[in-house]
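I opened this notebook page to record what I looked up, going through the strands, then the aromatic rings, then the helix and the cores.

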Amino acid sequence: VNSAVRIKHLPSGLNVKCTQERSQAQNKDLAMKRLKAQLLAIAKEQRVAEIQEIRGDQVEASWGAQIRNYVLHPYKLVKDQRTNWETSDTQGFLDGDLEDCIAAYLRHQANEEQEAALQEN
């Protein structure tokens with residue numbers, strides 16, 4: 001008895017074949033369930049990809065992964081991880097005395113640009 005069922009989802013081009021049961025109606029039900037499961041899996045993957053694209057790269061916020069560290073107790077230190085600039089004048093830095101930090105960052109950025117230009121040549 002030939003009771004196999006093959007279903008093709010035209011928009012996606014997915015094919016599902018079922019020959020498990022002796023009844024064609026049961027095979028059709030199983031094939032529809034499998035097709036639905038595959039379509040749901042594809043939709044879920046697309047949704048995850050869209051969310052990932054929206055979120056972008058995520059960085060774990062652990063110790064040392066920050067751009068700048070502030071230590072206010074037991075000793076006082078502000079350290080910029082990108083440039084290795086640091087100061088013990090934490091109160092001045094928190095009050096807005098940022099010139100030294102900004103100058104260090106600009107020097108660091110200029111050095112990176114020079115190195116990139118040298119590597120291109």
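I began with arginine 68, which stands opposite aspartate 80 in β4; strands here are DSSP runs marked E of at least two residues, helices are runs marked H or I of at least four residues, and both are numbered from the N terminus. I note at once that this is a predicted model, in which local features need pLDDT of at least 70 and side-chain atom pairs count only at pLDDT 80 or more, while totals for chains, interfaces and linings use all residues. Residues are numbered from 1 along each chain as its sequence is written, and side-chain values use heavy atoms, with hydrogens and water left out.

**Entry: the sheet.** I followed β3 (68–71) and β4 (77–80) and found that they run antiparallel and are joined by four bridges, where two strands are taken to pair if DSSP finds at least two bridges between them. The two strands form a hairpin with five residues between them. Within this pairing, tyrosine 70 has valine 78 of β4 as its bridge partner, and valine 78 also stands opposite threonine 87 in β5. β4 and β5 are antiparallel as well, over two bridges.

Entry: Which residues does the cis peptide bond join? It joins histidine 73 and proline 74, with omega about 10°, and proline 74 is placed in the loop between β3 and β4. In the other hairpin, which has five residues between β4 and β5, asparagine 84 in the turn has a positive phi of about 65°, although asparagine 84 is not a glycine. For comparison I wrote down that most residues other than glycine have a negative phi, and most peptide bonds are trans. Asparagine 84 counts as exposed because its relative accessibility is 54%; exposed means over 50% relative accessible area, buried under 20%, and partly exposed in between, with a 1.4 Å probe and protein chains only.

**Entry: the aromatic rings.** I counted two aromatic pairs, using the rule that rings of Phe, Tyr and Trp (its six-membered ring) pair if their centres lie within 6.5 Å, with planes under 30 degrees apart called stacked, over 60 edge-to-face and the rest tilted. Tyrosine 70 and phenylalanine 93 have ring centres 5.9 Å apart and planes at 50°, so this pair is tilted. Because tyrosine 70 lies in strand β3 and phenylalanine 93 in helix α2 (residues 90–94), the pair ties together parts that are 23 residues apart in sequence. Tryptophan 85 and phenylalanine 93 form a tilted pair too, at 5.7 Å centre to centre and 40° between the planes.

**Entry: helix α1.** I checked the length of α1 (residues 24–55): its 32 residues should span 46 Å at 1.5 Å a residue, and its end C-alpha atoms are 46 Å apart, which agrees; the expected span is 1.5 Å times one less than the number of residues. At the start of α1, a side-chain oxygen of serine 23 comes to within 3.3 Å of the backbone nitrogen of alanine 25, and just after the helix glycine 56 takes a positive phi of about 75°. The buried residues of α1 are Asn27, Ala31 and Leu35, and they pack against β1 (5–9) and β2 (14–18).

**Entry: the cores.** The largest nonpolar core has six residues, Val5, Ile7, Val16, Cys18, Ala31 and Leu35; such a core is a set of buried Ala, Val, Leu, Ile, Met, Phe, Trp, Tyr and Cys residues joined through side-chain atoms within 4.5 Å. β1, β2 and α1 are the elements that give two or more residues to this core. Apart from this core lies another of five residues, among them Val78, Trp85, Cys101 and Ala104. Leaving aside neighbours within four places in sequence, valine 5 is in contact (heavy atoms within 4.5 Å) with Val16, Lys17, Cys18, Gln24, Asn27, Lys28 and Ala31.

Definitions and conventions:
A polar contact is a pair of N or O atoms within 3.5 Å; within protein, one must be able to donate a hydrogen and the other to accept it, and residues adjacent in sequence count only if both atoms are side-chain atoms.
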